[in-house]
Amino acid sequence: MSQPKEIFVRTDRCVGCRSCINACAVEHSESKTLFGAVMQTPRPKSRVYVEWVAPDRKVPLVCRQCEEAPCMHACISGAIHRDDDGVVRTDSDKCIGCWTCVMVCPYGVIGRHLEEHKAYRCDRCPDRDVPACVSACPTGALIYQSVPAYAKTVRQNASHELVKAERG
Amino acid sequence: MGREQSQYVIVGGSAAGMAAAQAIREKDPTGTITVISEEPDAPYFRPLIPFLVSGKKQAHEMVLEGCGPYQAAGITVNTGSRAAALDANNHCIVLEDGTRLGYKKILLATGSRPYVPPDIEGADATGVFALRTLDDARRMAARIDQTEHAVMLGGGLLNLKAAFALLERGVKVTLVVYSPEVLSQLMDPEDATLIRKALDDAGLAIMTGVAAVGIQSDATGVTGVVLNNGRELASQMVCIGKGVRPNVEFLAGSGIRVTEGIEADRYTATNLTGVYTAGDVAVTHDPVAGTPIMTALWTNAVEMGRCAGQNMAGLKTAYCGTFGILNATQVANEPFVAMGIVHTKDGDYEIHRKAATGSYRKLVFDKNGDHLIGAVFVGDITNAGLYRYVIREKMATAAIKRQIIEHTLHYGHFSF
């Protein structure tokens, strides 16, 4: 069985360019084109956030698809479920906009679509092999890999750094 | 009647009971699970019942099975079945029809029922409701055609939701509130200003500081409500939202320790072996105030029910307790969140308030200003979950206090 993939965030690489935000909004627009997305009313919403921590750190935030997902268990209308791929999804038709999920998400990554009175969140781009935010990231701050594969990359990078340091 | 046997018996088929059943099934794929529910309907999402009144949803759209995390695999639900007594010595629950159902582990998740103040005369008339069950909602919806004016007694969230459901059906609605302001359980009167304005703008008539003393009726049912200020309101429907009381009567003589509700230890267990409790009926503890507490909230009930289910299935799991106040919703297009300690009149707290057009927030720190212990957000509820986390985990707030007060806290502040 292949390992499920996760979106990993390398905050040391994020430059705060917001490419991920634009790509996410475009992917979740009707036309899936930048021009169409900008013209759409209400504007399509991004489900990835880039926050800033003083003095100069940028932190991309995206739904972690928590194993014991607080939003899913707190939902009072049964709108949130985990699909066969392990992705936690909000069913807009069932969402009643009570914002209980917003109240319990410890990452703050559930958005509120005020015009439609619905909560929205990362759905890992079901129509794509690689989520749009990851594809759009120009610096490799967002990485879509399985846990073992990512761990291996981190280990390799660390050993390269060590070897470089030893060589001076 | 004969004796039946089930490894796990769950008394109560709502939030806590069904969450427990699901949690047990996740840990124990084979143990038999039997849920006893006194309601005629299969388990459903109780918070959705106002939508049956408004007509926005049908009953079949509220069923639990197959929705959210509820798979219901191998869980037997006996509806219309009511527990009469617990025979803990013989590991049996006795049902009203005389059946004895044996168990190895049992969960008491019998929930609560509406409290109807005994000093309101005539509250048994046709057309008087306490919106609690799907059946209540059906009966309420059926009376809308003959209702021009409905009077809601109590200014809590449930009554507000019922009021808006009726408004959407074109019924004139008056909310009669004994407290100085609506939502008095969830916030201080001055914190409710924005919400009150939104309710007024939405066309809800609100009378505060008054109570009903009697309900008048004739052969057609309710005809009016008499208030303690001498006024009478002509009305064809009354909805009582005066809080709830735990369903514990069947436990008399069982040996279960009941104070107001059933006392739960840190692992959701009662004082008797193999007997657990969760949800509205359980007395747990408030991690912020450190006091015993009962809540009547779906979200809390699910969290505690899951914890109980895990303990019953053999995975010892501590319950982290719940805030007395924990609620999020939107009424009259005004979203709000209230959590932790929000009533600050009688106590020594450090309070930060900020009001702006369309938004209001209040942050309550302990008297030393070291820990966030409560928050009310109206209008803008962004990142409320982070504040809940800070409160519940009793985080030292020195490094993030400015962000908390300015409402700029985000997860980036927690990492590294």
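Colleague: What should I know about the model and its numbering before reading the features?

Modeller: This is a predicted model, in which local features need pLDDT of at least 70 and side-chain atom pairs count only at pLDDT 80 or more, while totals for chains, interfaces and linings use all residues. Residues are numbered from 1 along each chain as its sequence is written, chains are lettered from A and ligands numbered from 1 in the order in which they are written, and side-chain values use heavy atoms, with hydrogens and water left out.

Colleague: In what order do the five strands of the open sheet in chain B run?

Modeller: Strands (E, at least two residues) and helices (H or I, at least four) are DSSP runs numbered from the N terminus, and two strands pair if DSSP finds at least two bridges between them. Here the order is β8-β15-β9-β10-β11 in chain B, with parallel pairing, and the edge strands, each pairing on one side only, are β8 (128-129) and β11 (205-208). Strand β10(B), residues 172-177, pairs with β11(B) over four bridges, and B:Thr174 has B:Ala205 as its bridge partner in β11(B).

Colleague: How do helices α1(B) and α6(B) cross?

Modeller: Axes are lines fitted to C-alpha atoms, for helices over the stretch in contact (heavy atoms within 4.5 Å), and angles run from 0 to 180 degrees between N-to-C directions. The axes of α1(B) (residues 15-27) and α6(B) (residues 298-312) come within 7 Å and cross at roughly 35°. Residues of α1(B) including B:Ala16 and B:Ile24 meet a set in α6(B) that includes B:Trp298 and B:Gly305.

Colleague: Is helix α7(B) mostly covered or uncovered?

Modeller: Buried means under 20% relative accessible area, exposed over 50%, and partly exposed in between, with a 1.4 Å probe and protein chains only. Helix α7(B), residues 384-392, is mostly covered, since seven of its nine residues are buried, among them B:Leu386, B:Tyr387 and B:Ile391. The helix is followed by B:Lys394, which has a positive phi near 50°.

Colleague: Why does A:Ser77 count as buried?

Modeller: A:Ser77 counts as buried because its relative accessibility is 5%. This serine is found in the loop between α3 (70-74) and β4 (80-82) of chain A, and, leaving aside neighbours within four places in sequence, A:Ser77 is in contact with A:Lys94, A:Cys95, A:Ile96, B:Phe45 and B:Leu48. A polar atom of the A:Ser77 side chain lies 3.1 Å from the backbone oxygen of A:Lys94.

Methods
Polar contact = N/O pair within 3.5 Å; in protein donor to acceptor, adjacent residues only side chain to side chain.
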